[in-house]
Amino acid sequence: MTDSMQEELPAPSNPLAVARCLAPDWQGQGGQPRRRWWRGSWMDWTGTCWRELDERQVKAEMYRRLEHAVYYSANAKGEPEVREWAPTRTKLSNLLDAFGALLLLPTETDAPTWLNEDQAAASGQAPIVACENGLLRITDRALLPHTPDFFNLVSVPYAYDPHATAPTWTHFLGQLWPDDPESIAALQEWFGYVLSGRTDQQKILLMKGPSRSGKGTIARILAELVGRKNIAGPTLAGLGSNFGLASLLGKPLAVISDARLNGDGGQVVERLLTISGEDTIDIDRKFREAWTGKLPTRLMVLSNELPNFGDSSGVIARRFVVLTMTASWLGREDTTLTGKLAAEMPGILNWALDGLARLERNGRITEPASSRDAVTSMQDTASPTSAFVRERCQTGPTCTVPVDALWTVWREWAEDNNVRAIGTKQMFGRNLQSVVPQLRLTRPREGDSRVRTYSGITLRAPDPE
């Protein structure tokens, strides 16, 4: 140090050496990094979880940090001379690039996960939920101390209290589904699923019901439980736009309250499948490099009716767990309900943790009977071909049917069921392939000719009237 205000550092021409000197600024008491470079962004440990930092904020810190720094450099006579570090855009860019090399977290790292192998081995595969007062291990409800070695993007803004209850919440759900305990169980497991950070269920929650039926209240309570900073609120149509996915980065939950599509929904369907299916995706960001990775986002859709997706295979419908509300409190709402429920958040947290424990035991989210009916309806609406196969066909490796025979029956069925786009024979074959993946087109010989035949499907005899 040349004086009380100046700090001696390596020269700007050696940014990695400078980064090593400044690295302790970004370390905790145990020496663990409190900042990481992950998937094109700076991540900062808040004390309970990791949050993305705006790169301009990091640069502002560096400008202040280096404002009075100096370094030694040889002058024209070869003698050491004190020079001001004088941060500039180029110098900081090189320095942050060096910091990124020192603090790189591999792109394939998915949150939540342990970064310390010893702690990972000690915890095994037990899910961890970060609460205000520690890391809660679900298997035995043990509270572990917060540490930057646990890379998590979500922290519940409430302390874990094993004795807390939520009687108002329980009564509220009983009013929504008085005769459908499976729907309440599915919602409970969904709450725990979102808290856990897991994405392996590859499901989307759809809550369908009239206005003032409780959908919005449930969404607000989940947002409070997860933390409002962790929630994205895109529209369904917006997901198909150029920068429509940017708001989902780092967000464990996206609540889509506008479940309407205008025009072709193919791009939206593709992105819903990619996000829910844990696939790697490229996301464009304004004025920044594209982000590549697996989104940690679970999708929750609120709608007054079942959305209509133009998906010829009907696959998207099978990604949904549908919870149906039938009663409406329009004109007789309890305007104080959200406040009453917010006072029970520690109890609601316990309720959600019980749902997560059941999900861990069963391996899958409960699918109510009403949900299965709704999924079938969505599948038929999105893909009339799927409905035709279910009603009029049989599939299997030994099944065969002439192409022209199946095409004729399809046209008759489509006209009887008011299908608008009957399409061409080639289009029908393409849609059929998406519904029956094992379908093959063959040309077996019949006498002197070959007949185009589908293998893997055949016509079922019509039901007697």
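# Reading the terms in a predicted model

Tutor: The C-alpha centres of domain 2 and domain 4 lie 53 Å apart. This is a predicted model.

Student: Which stretches of the chain do those domain names stand for?

Tutor: Domain 2 covers residues 114-151 and domain 4 covers 383-459. The other two are domain 1 (15-105) and domain 3 (167-378).

Student: What makes E4 and E7 edge strands?

Tutor: Start with the order. Four strands form an open, mixed sheet, E4-E3-E2-E7. Strand E4 (50-53) and strand E7 (104-105) each have a single partner strand, so one side of each has no neighbour in the sheet.

Student: How do you know that E2 and E7 are paired?

Tutor: Pairing takes at least two bridges. Two bridges join E2 (residues 35-38) to E7, and the two strands run parallel. Therefore E2 and E7 count as paired. Across this pair, Trp38 stands opposite Leu105 in E7.

Student: What packs on this sheet?

Tutor: Helix H2 (residues 55-66) does, touching E2, strand E3 (41-45) and E4. The direction of H2 makes about 80° with that of E4.

Student: Why is Thr217 called buried?

Tutor: Buried means under 20% relative accessible area. Thr217 has 12%, so the label buried applies. Thr217 is in helix H7 (residues 215-226).

Student: What does Thr217 touch beyond its neighbours in sequence?

Tutor: Leaving out residues up to four places away, the contacts of Thr217 are Phe172, Leu337, Thr338 and Leu341. Take Leu341. Thr217 and Leu341 are 124 residues apart along the chain, with C-alpha atoms separated by 9.2 Å.

Student: Why is Arg212 called exposed?

Tutor: Exposed means over 50%. Arg212 is at 52%, so Arg212 counts as exposed. Arg212 is in the loop between strand E13 (204-208) and H7.

Student: How do you know that the side chains of E16 alternate?

Tutor: Look at the two faces of strand E16 (residues 281-285). Ile281, Ile283 and Arg285 point to one face and are buried.

Student: How many bridges join E16 to E17?

Tutor: Four bridges join E16 to E17 (residues 288-293), and the strands run antiparallel. Pairing needs at least two bridges, so E16 and E17 pair. Ile283 has Trp291 in E17 as its bridge partner. The hairpin has two residues between the strands, and Phe287 takes a positive phi near 60° there.

Student: Why is the pair of Trp407 and Phe428 called tilted?

Tutor: The whole structure holds 17 aromatic pairs. In this one, the ring centres are 6.0 Å apart and the planes make 50°. Trp407 is in H13, and Phe428 is in H14, 21 residues apart. Trp407 has 11% relative accessible area, so Trp407 is buried. Phe428 has 2%, so Phe428 is buried too.

Student: What makes the pair of Trp410 and Trp413 stacked?

Tutor: Their ring centres are 5.8 Å apart and their planes are at 25°, so the pair is stacked. Stacked needs planes under 30 degrees apart. Trp410 and Trp413 both lie in H13, three residues apart, about one turn of the helix. Trp410 is buried at 2%, and Trp413 is buried at 8%.

Student: Which residues form one aromatic cluster?

Tutor: Phe388, Trp407, Trp410, Trp413 and Phe428 do.

Student: How do you know that the charged end of Lys91 sits over the ring of Trp85?

Tutor: The charged end of Lys91 is 5.7 Å from the centre of that ring. The distance limit is 6 Å, with a further limit on the angle to the ring normal. Arg298 gives another case: its charged end sits over the ring of Tyr193, 5.5 Å from the centre.

Student: What kind of bond joins Ala111 and Pro112?

Tutor: A cis peptide bond, with omega about 0°. Pro112 is in the loop between E7 and strand E8 (113-114).

How values were computed
Residues are numbered from 1 along each chain as its sequence is written. This is a predicted model: local features need pLDDT of at least 70, side-chain atom pairs count only at pLDDT 80 or more; totals for chains, interfaces and linings use all residues. Side-chain values use heavy atoms; hydrogens and water are left out. Contact means heavy atoms within 4.5 Å. Axes are lines fitted to C-alpha atoms, for helices over the stretch in contact, and angles run from 0 to 180 degrees between N-to-C directions. Buried means under 20% relative accessible area, exposed over 50%, partly exposed in between (1.4 Å probe, protein chains only). Domain bounds come from an automatic or database domain assignment. Rings of Phe, Tyr and Trp (its six-membered ring) pair if their centres lie within 6.5 Å; planes under 30 degrees apart count as stacked, over 60 as edge-to-face and the rest as tilted. A charge sits over a ring if NZ of Lys or CZ of Arg is within 6 Å of the ring centre and within 35 degrees of the ring normal.
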